Amino acid sequence: MPQWHFRKRPHRVRIDGPGEAVLRAVTEVTWSEVPLFSSLLRVSSFGRVRRDPARAVLDEFLSSGFTVLTRTDRELVLAAVSGGEPFPPEDAGGARVAWFRAYAEPASTKVAFDFRFVDGVLSTETRVLGADEAARNSFRRYWTLIRLPAGLVRREILNAVRRRVQP
């Protein structure tokens, strides 16, 4: 997402392993491997929501409105829009990426986060774009609350990936 209003700067971890193994590990990290993340989500739901410890974290994102926007041998990008607007079907022509870039419904927010593996370093970054001032103000309040815990969660996920690739 070349333009954004909010950004969680990249967190990085060095991993010794091939790119495909690293990105596969990103998709396989389970809730049991990220206990801080699981606990924060449980607290934010006042204990009502409990995650299956064996379920992959990214599967949970994909079932809650995120979609894979791009997947290469070096990068995995997930994206979502507020309001649960469905993405177009995946195609070789890039319609999904074009739709996401163009989406700008009033009061909507677009979120994209990636995992990128280059030169032995796995990084993750989040970018958020609010379609208008109302969306930006609403997200700003949320961002203020989650910014610090989100950074801790990112580090926890990156370290879980490293443990999977470098046991």
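**Notes on side-chain contacts and a pocket**

1. Glu 20 has a relative accessible area of 40% and is therefore partly exposed. The model discussed here is a predicted one. The salt-bridge partner of Glu 20 is Arg 71, and the closest N and O atoms of the two are 3.4 Å apart. This pair links distant parts of the chain, since Glu 20 belongs to helix 1 (residues 19–28) and Arg 71 to strand 2, 51 residues apart. Arg 71 is likewise partly exposed, at a relative accessible area of 39%.

2. In total, the structure holds nine salt bridges. Another of them joins Glu 33 to Arg 164, with 3.0 Å between the closest N and O atoms. Glu 33 is in the loop between helix 1 and helix 2 (35–44), whereas Arg 164 is in helix 5 (residues 133–165), so this contact ties together parts that lie 131 residues apart in sequence. The two partners should be read separately as regards accessibility. Glu 33, with a relative accessible area of 19%, falls under the 20% limit and so counts as buried. Arg 164, at 33%, is partly exposed.

3. Glu 133 is partly exposed, with a relative accessible area of 43%, while Arg 136 counts as buried at 18% relative accessibility.

4. Which ring does Arg 127 lie over? Arg 127 is placed over the face of Trp 4, at 4.0 Å from the ring centre.

5. Turning to the aromatic residues, a search of the whole structure finds eleven aromatic pairs. One of these is formed by Phe 87 and Phe 100, whose ring centres are 5.9 Å apart; their planes meet at 20°, so the pair is stacked. Phe 87 is located in the loop between strand 3 and helix 4, and Phe 100 in helix 4, so the contact ties together parts 13 residues apart in sequence. Both residues are buried. Phe 100 has a further contact: the charged end of Lys 110 sits over its ring, 5.2 Å from the centre. A separate point concerns Phe 6, Phe 139, Tyr 142 and Trp 143, which form one aromatic cluster.

6. The second largest pocket has a volume of about 460 Å³. Its lining comprises 19 residues, and those closest to the centre are Met 1, Pro 2, Val 77, Ala 112 and Arg 127. Two or more lining residues come from each of strand 2 (67–71), strand 3 (75–81), helix 4 (95–102), strand 4 (109–118) and strand 5 (121–130). Strand 4 gives the most, with five residues.

7. How do the lining residues of the second largest pocket divide into nonpolar, polar and charged? Nine are nonpolar, three are polar and seven are charged.

Terms used: Residues are numbered from 1 along each chain as its sequence is written. This is a predicted model: local features need pLDDT of at least 70, side-chain atom pairs count only at pLDDT 80 or more; totals for chains, interfaces and linings use all residues. Side-chain values use heavy atoms; hydrogens and water are left out. On a 1 Å grid over the protein atoms alone, a cavity is a set of points where a 1.4 Å probe fits but cannot get out, and a pocket is an open set with protein on both sides within 12 Å along at least five of seven lines; lining residues have an atom within 4 Å of a point. Grid points are joined across faces, edges and corners, and a volume is the space filled by probe spheres set on the points. Helices (H or I, at least four residues) and strands (E, at least two) are DSSP runs, numbered from the N terminus. Ala, Val, Leu, Ile, Met, Phe, Trp, Tyr, Cys and Pro count as nonpolar, Asp, Glu, Lys and Arg as charged, and the others, Gly among them, as polar. Rings of Phe, Tyr and Trp (its six-membered ring) pair if their centres lie within 6.5 Å; planes under 30 degrees apart count as stacked, over 60 as edge-to-face and the rest as tilted. Buried means under 20% relative accessible area, exposed over 50%, partly exposed in between (1.4 Å probe, protein chains only). A charge sits over a ring if NZ of Lys or CZ of Arg is within 6 Å of the ring centre and within 35 degrees of the ring normal. A salt bridge is a side-chain nitrogen of Lys or Arg within 4 Å of a carboxyl oxygen of Asp or Glu.
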